[in-house]
Amino acid sequence: MAVVTAQLPASSCSAGIGLRSLHVAGITATQPRLGFLEVHAENYMAETVALDYLLSLRRDYPVSVHGVALSLGTAEQIDRVHLGRFKALVERVEPILVSEHLAWSTIGEVYLNDLLPLPYTEESLDLFCHHVEEMQEALGRRVLIENPASYLRYRHSSIPEAEFLTEVVYRTGCGILCDVNNVYVSARNFGFDPIIYLDALPIEAICEIHIAGHYTAEDVDILIDDHGSRIAEPVWDLYVAALRRFGPVPALIEWDTNLPALEILLDEARHAQELADACCHADTA
Amino acid sequence: MRKNSPMPAAMPTLRELQRQVHQAVLGGDTAEIVAAIRGDGLDPAARIGTYRNHFFATLGGLLQVTFPVVCRLVDERFFAYAAHEYVRQHPPRSRRLVEYGADFADFLADFEPCESLPYLADVARFEWALNIAASVREAAPLPPQALAEVPTSEAAYLVLRLQPSLSYVISPWPIDAIWQANKKSEVPSVDLASGDARLEIRRTGDAVAWLRLDPATFAFRTALAGGLVLAAAMTAATAQSPTFDLATAIEQIFAGGFAVAYELSSEQKSFQPHPVDLARKEVS
């Protein structure tokens, strides 16, 4: 199949933010310098006022479309109606990047509103690759698959996650959206070294990085990836490690709950940009 | 290269495993899934519990944002309990969460612990309508001249498609007054005996507005919104008020920009209509 790799326009700014309706007016009025805006695909699949705003901002900013509910890891068929809506949105928005998750979220007609972990087995690898191929064929372009933040692992998982993801890349030609907060959260929850995880990913496949906040659950020692706070220092450190390994790729500040003022979000994006610039500078010096 | 972890006696298929996770996330039995989870230093039940908590917390939070006055009327703790039961019994069927909560009002109507607040479900219907109007884009209104092409003999079978942001809510209680009172920090008292409410809710420009309608107009517009032919809508209106004036009613529909398209229904031709004189409703 034809695989189209979208590139960011030549720009010195590659850090972006997630677009939330709370911030639309502020972004429109102040036109902050940002590499791109990212939206959750499912929030724009109807004729809504929000879609109008997105199409309007699309004129000034590259957009990345991030799916959260296609459920590529389902043991069932993927929902063709939903895939059709996804395709229609991509055709309308013409995003620079399209991504989904290494996860599942539906069973029958029920949508469990979460990115649930897969067992990493040969069975799930075959199925997942099949669904990624179906998505790429429907959209007529390469998609990026994001590594999940996990709170559990299955006993019968037999393939390390980074190896599983790498195999998906080799079999389907997809790219990787490396969420360094997710790597950090999973590493803490299971006691592995996040650097070893990054080192196991294929450099050439990394097309985007996500950076976000997390918190510790109240009742149990599990880190929760809630995208609801400033980015923790160890996650910034991991971002720098990722930049060193993968080179400068578009990075997104993901903030989806407890939304802050736009200025705080922009401040995080500026910091991500400074770190990326420093890394590039160190490379060329 | 592949690591062999200790496996449970029978390795579940992916389909089977997902069924077990689904059951546990919805608050059902966790024994099967717990047996399939590695402890990694913690109780496996706590690990799957994290997903269950997230599921109920995020959807409960979404309902609270969508139905703030319902929440205020019952207090946050009771709302969380009702929302939890709703989420358990009615997990999302759509991947577009903006659609979640469409039948929350129906759930509340049958939810026994809410019996002492008979108006609660109708307030929820009103809040859902406000929510729709706030998110849905207005479509381009149909110009009144568009109907000039409709042959008089077919006028009775005309179906007008109305603005997608429009909703009609009827209640024996003054739900709009209850809603308004509960948006204030100090809630003024509302006379529950002050009568029923027939409300039209829609988006106008960047704002959401609602209007109380008289019984005949409400019946007419509700019938149109339900996809009934003009003649059937007129019958519904006339049942409320024998003096209902169709020409004025249609004028108002077009003046308000309510109609966005029309079609002639062949399915509803079995309906025996009142004679409909389209010529009378020409709007300049």
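Biologist: Which way does α9(B) pass α10(B), in a left-handed or a right-handed crossing?
Modeller: The crossing of α9(B) with α10(B) is right-handed. Keep in mind that this is a predicted model.
Biologist: Thanks! Which residues make that contact?
Modeller: On the α9(B) side you'll find B:Pro215, B:Ala216, B:Ala219, B:Phe220, B:Ala223 and B:Leu224. From α10(B) come B:Ala232, B:Ala233, B:Met234, B:Ala236, B:Ala237, B:Ala239 and B:Gln240. By class, that contact has 12 nonpolar residues, one polar and no charged ones.
Biologist: And at what angle do the two helices pack?
Modeller: About 160 degrees, with the axes 7 Å apart. That angle makes α9(B) roughly antiparallel to α10(B).
Biologist: Let's zoom out. How many helices and strands are there in chain B?
Modeller: Chain B has 11 helices and five strands. Its radius of gyration is 25 Å, well over the 19 Å that the globule rule gives for 284 residues, so chain B is more spread out than a compact globule. Along the principal axes, its C-alpha trace spans about 80 × 50 × 35 Å.
Biologist: What share of the residues in chain B is buried?
Modeller: Buried residues are 38% of the 284 in chain B.
Biologist: New topic: how many residues of chain A are in contact with chain B?
Modeller: 41 residues of chain A, and they meet 43 residues of chain B.
Biologist: Which element gives the most on the chain A side?
Modeller: That's β6(A), with six residues. By class, the side of chain A that touches chain B has 24 nonpolar, eight polar and nine charged residues.

Definitions and conventions. Residues are numbered from 1 along each chain as its sequence is written. Chains are lettered from A and ligands numbered from 1 in the order in which they are written. This is a predicted model: local features need pLDDT of at least 70, side-chain atom pairs count only at pLDDT 80 or more; totals for chains, interfaces and linings use all residues. Axes are lines fitted to C-alpha atoms, for helices over the stretch in contact, and angles run from 0 to 180 degrees between N-to-C directions. Helices (H or I, at least four residues) and strands (E, at least two) are DSSP runs, numbered from the N terminus. Angles under 35 degrees count as roughly parallel, over 145 as roughly antiparallel, 65 to 115 as roughly perpendicular and the rest as oblique. A crossing is left-handed if the near helix is turned anticlockwise from the far one by less than a right angle, and right-handed if clockwise. Two residues are in contact if their C-beta atoms, placed from the backbone, lie within 7 Å. Ala, Val, Leu, Ile, Met, Phe, Trp, Tyr, Cys and Pro count as nonpolar, Asp, Glu, Lys and Arg as charged, and the others, Gly among them, as polar. The radius of gyration is taken over C-alpha atoms; the globule rule is 2.2 Å times the number of residues to the power 0.38. A residue is buried if 20 or more other C-beta atoms lie within 10 Å of its own, exposed if 12 or fewer, and partly exposed in between; C-beta atoms are placed from the backbone.
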